[in-house]
Amino acid sequence: VGEEVLGYNNDTGELSWEPLLGVHVFPFDGELLALRRARRGRTTKEFLFTEDHRWPVHTARGGRKVVAGKELSS
């Protein structure tokens, strides 16, 4: 708590450094989903998350919304 973390404002689409206000820990016993960023056929970044983790996404019509990880399609 208090550490500077990169935050995302879903209304404006802007990133900014903000102090961490708290950490939420939820019980979980299952398989994690993964997002991988590949460059030239090699995975360079991997993000593991639960199916209920919330992600900001851009919509096909140029808007923004937040969806659960299980709703991600690409």
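**Contacts along the chain.** I looked up contacts first, where contact means heavy atoms within 4.5 Å. Of those in the protein between residues at least 6 apart in sequence, 14% join residues at least 24 apart.

**What I am reading.** I note that this is a predicted model, where local features need pLDDT of at least 70, side-chain atom pairs count only at pLDDT 80 or more, and totals for chains, interfaces and linings use all residues. Residues are numbered from 1 along each chain as its sequence is written, and side-chain values use heavy atoms, with hydrogens and water left out.

**Layout.** I counted zero helices and six strands. Helices (H or I, at least four residues) and strands (E, at least two) are DSSP runs, numbered from the N terminus. The order along the sequence is β-β-β-β-β-β. The protein is more spread out than a compact globule, because its radius of gyration is 15 Å, well over the 11 Å that the globule rule gives for 74 residues. I took that radius over C-alpha atoms; the rule is 2.2 Å times the number of residues to the power 0.38. Along the principal axes, the C-alpha atoms fill a box of roughly 35 × 35 × 25 Å.

I then checked burial: under 20% relative accessible area is buried, over 50% is exposed, and partly exposed lies in between (1.4 Å probe, protein chains only). Buried residues are 9% of the 74. The protein exposes about 6900 Å², and carbon and sulfur atoms supply 50% of that area. Areas come from the Shrake-Rupley method with a 1.4 Å probe; for residues, only the protein chains shown count as cover. I found 11 positive and 11 negative side chains, with the centres of the two sets 12 Å apart. Lys and Arg count as positive, Asp and Glu as negative; His and the chain ends are not counted. I placed each charge at NZ of Lys, CZ of Arg, CG of Asp or CD of Glu.

Strand E5 covers residues 54-58. Its covered face holds Trp55 and Val57; Arg54, Pro56 and His58 are on the uncovered one. In a regular strand the side chains alternate between the two faces of the sheet. E5 runs antiparallel to E6 (residues 64-68), joined by five bridges; pairing takes at least two DSSP bridges. I found His58 opposite Arg64 in E6. Five residues separate the strands in this hairpin, and Gly62 takes a positive phi near 90°.

**Leu33.** I located Leu33 in strand E3 (residues 33-39). Leu33 is partly exposed, at 33% relative accessible area. Beyond neighbours within four places in sequence, Leu33 contacts Phe47, Leu48, Phe49, Glu51, Gly69 and Lys70.
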